[in-house]
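Morning, everyone. Please have a look at the model first.

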Amino acid sequence: MRELAAAREFPLEVELLERGTRCGGALETIRRDGFVIETGADSFLSEKVAAAELARRLGLGAELISTRAIYRKTFVVRAGRLVEIPAGFSLIAPAHLGPIFRSALFSPIGKLRIAMEPYIAARTSAEDESLDSFVTRRLGREVLERVAQALAGGIYTADPKRLSMAATMPRFVEMERRFGSVVKGMRAAESARAAKSEAVSGARWSMFQSFRDGMATLPETIAARLGGSIRKGAEVVGMSRNGDAWRIALARGDSVDADAVICAAPAYAAARIVAAIAPGAAKMIGAISYASAATVNLTYRENDFDGPPRAFGFVVPASEHRRIIAGSFSSFKFEGRAPAGAILARAFVGGEMSRDMMRLGDDEMVAAVREEFRALTGVNAAPGLAEVRRWPDSMPQYEVGHLARVAEIERAAAEIPAFALAGAGYRGVGIPDCIRSGEEAADMIFVGLAAAK
């Protein structure tokens, strides 16, 4: 909003009401003893440009870093051991069959089923479909159970039987519609990227980026710009009309008056906030469910491992019945995350498919993660540091039909004067998605305020 107001020389006062004691939400970085520890998101997808563009507008372009090319590979747990995901395999499908046939990940029958995918008739219905249904129909159950559920689970911590393809992975739905085959679509996308690379001088940006001093660099910089406009510990519990303006009620008993409101709270909190003024919209917003998750960061010495997998990390299918959903090696993924001779690792636990893990105490959770890393990577040593961060009700679950529900929510919210919704609960959970959501809400509110003057 401040950017828009400054660019158009429009007088505007902005106040940010933050429920917590710090800004940034799931972007939190701990900088300790030479380690750069991410307790939430550790990177963003650079193909969605909103995050990188915002960073550059904030003067952070030189702080952007990409993943380390020499370690750009990922493993999946299969029968209790780490197996490299075949080259060219992206989330749910391969671009080439050669790496699939050479991989130990799939059975001979599973490989033949994947090879049949280009010959399977495309679905004609435009109705939404679950990840389970789509992957099983196109590529077979082995792909779902051995890799797709785990890769998608690492992003959405979701149940594949309920996760919406249209809301989470629309490019694969479009590939089937356009090419009649996901494998053919993957090949076409690869060819398009190769042609684009040839036309541009220099190397392509890698798919994921972060900041040299950690992801918290972004909210810290924004908070410094906003300065006294941020009010922390200000939980909003309701809204009411006050003439032509809004009166925003806070949990501590006071209130704030505003001409317009952008609500970027999680959907369950947004539902409570608008319940008195728009009960129909509140009911729909509140129907968006959330899952809880946690990260456990562990630090080791390199010689604690007989031979650590020099890769970004690994994902764990639910069919393996283990106690973590993924593990990563932050110090292999990005430069400068650990001192020389040290390794920074982290595990992801919880999610929709592993709710029991969230009932563990911190010490129990660390012990469970250590045992999983011992079994899968062979590290027996005690970690130097162990940092647990819980994210309760933090992962919106985009269930089948999600986009239709969001469209209804947006129509209902449009009836609320000088009000907009933003955040991860609606049209994307990634950092660029959330930034785009906030920018679109700001544009809408700004247009309304300018028209009213």
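I'll go through the ring pairs, then a cluster, then charges over rings.

This is a predicted model: local features need pLDDT of at least 70, side-chain atom pairs count only at pLDDT 80 or more, and totals for chains, interfaces and linings use all residues. Residues are numbered from 1 along each chain as its sequence is written, and side-chain values use heavy atoms, with hydrogens and water left out.

The structure has 9 aromatic pairs. Rings of Phe, Tyr and Trp (its six-membered ring) pair if their centres lie within 6.5 Å; planes under 30 degrees apart are stacked, over 60 edge-to-face, the rest tilted.

Take Phe44 and Phe211. Their pair is tilted, 6.1 Å centre to centre, with 45° between the planes. Phe44 is in strand β4, Phe211 in strand β10, 167 residues apart. Helices (H or I, at least four residues) and strands (E, at least two) are DSSP runs, numbered from the N terminus. Phe44 is buried at 3% relative accessible area. Phe211 is buried too, at 0%. Buried means under 20% relative accessible area, exposed over 50%, partly exposed in between (1.4 Å probe, protein chains only).

Next, Phe329 and Phe373. Centres are 6.2 Å apart and planes at 80°, so this pair is edge-to-face. Phe329 belongs to strand β18 and Phe373 to helix α14, 44 residues apart. Both residues also belong to one aromatic cluster, with Tyr71, Tyr300, Phe305, Phe314 and Phe332.

Last, charges. One sits over a ring if NZ of Lys or CZ of Arg is within 6 Å of the ring centre and within 35 degrees of the ring normal. Arg241 has its charged end over Trp246, 4.4 Å from the ring centre. Lys333 lies over the face of Phe208, at 5.7 Å.
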